[in-house]
Amino acid sequence: DLAALRGAARAFSVEAMRTVVVDGERASSTTVRDALAAGDFARAARLLGRPYTLAGRVAHGAKLGRTLGFPTANLRLTQRPPLSGVFAVRVHGIATEPRAGVASLGVRPTVTDQGAPLLEVFLFDFDQPLYGRRIVVEFLHKLRDEARFADLDALTRQMHRDAAQAREFFAAGR
């Protein structure tokens, strides 16, 4: 709490802020996390004052997505994000206009048991190297929860369905 922070502050200062209320709702990190976990991106954006995004530099991966027909831009995450699953996304930092795509955010249970969170983004109609480039991924719509599949063939069939569903989302003008 505020008193504990002030008591521990030696190399930094602590100031209290008034509660921020947006449309009658307290805007707090907990409220935003709850909205994201529920897939309510409109509510999260309203509370944040902008859409929810994750940003980072594109890193090399195992190239499994490429072999399955879905080359991805991978962002390694240092902390577990407040959401997981498969999403329709818009990616900034590649061209002058954002690019549409589908993203998987989670621990990839079909591929590994390591459990390290990873953001993998498949960009529609795009296949150029992005390694080292800083991108910003804007989450627009949750398609489904993360799931474990029996094998890579089953995962690939689901990836095709996910991409089709995300394309439909964008075709509807969202």
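What percentage of the contacts in the protein with a separation of 6 or more comes from residues 24 or more positions apart? In this predicted model, such residues account for 63% of those contacts.

**The whole chain.** Begin with the complete protein in cartoon view. Its C-alpha atoms fill a box of roughly 55 × 35 × 35 Å along the principal axes. Colour by secondary structure to find 5 helices and 8 strands.

**The surface.** The protein exposes about 10,400 Å², of which carbon and sulfur atoms supply 49%. Of its 174 residues, 38% count as buried. Then select the charged residues: the mean positions of the 25 positive and 18 negative charges are 5 Å apart.

**The largest core.** Hide the surface and select Leu 119, Val 137 and Phe 139. These residues have the most contacts inside the largest nonpolar core, which has 27 residues. Two or more residues of this core come from each of helices H2 (29–37) and H3 (41–48), and from each of strands S4 (73–76), S5 (85–92), S6 (99–106), S7 (118–123) and S8 (134–144). In soluble globular proteins, nonpolar side chains tend to be buried together.

**Around Val 137.** Centre the view on Val 137. Leaving aside residues up to four places away in sequence, Val 137 touches Tyr 52, Thr 53, Leu 54, Leu 75, Val 89, Arg 90, Val 91, Leu 119 and Val 121.

**The second core.** Finally, select Leu 68, Ala 88, Leu 140 and Leu 143. They are among the 17 residues of a second, separate core.

Definitions and conventions
Residues are numbered from 1 along each chain as its sequence is written. This is a predicted model: local features need pLDDT of at least 70, side-chain atom pairs count only at pLDDT 80 or more; totals for chains, interfaces and linings use all residues. Side-chain values use heavy atoms; hydrogens and water are left out. A nonpolar core is a set of buried Ala, Val, Leu, Ile, Met, Phe, Trp, Tyr and Cys residues joined through side-chain atoms within 4.5 Å. Buried means under 20% relative accessible area, exposed over 50%, partly exposed in between (1.4 Å probe, protein chains only). Helices (H or I, at least four residues) and strands (E, at least two) are DSSP runs, numbered from the N terminus. Contact means heavy atoms within 4.5 Å. Accessible areas come from the Shrake-Rupley method with a 1.4 Å probe; for residues, only the protein chains shown count as cover. Lys and Arg count as positive and Asp and Glu as negative; His and the chain ends are not counted. The place of a charge is taken as NZ of Lys, CZ of Arg, CG of Asp or CD of Glu.
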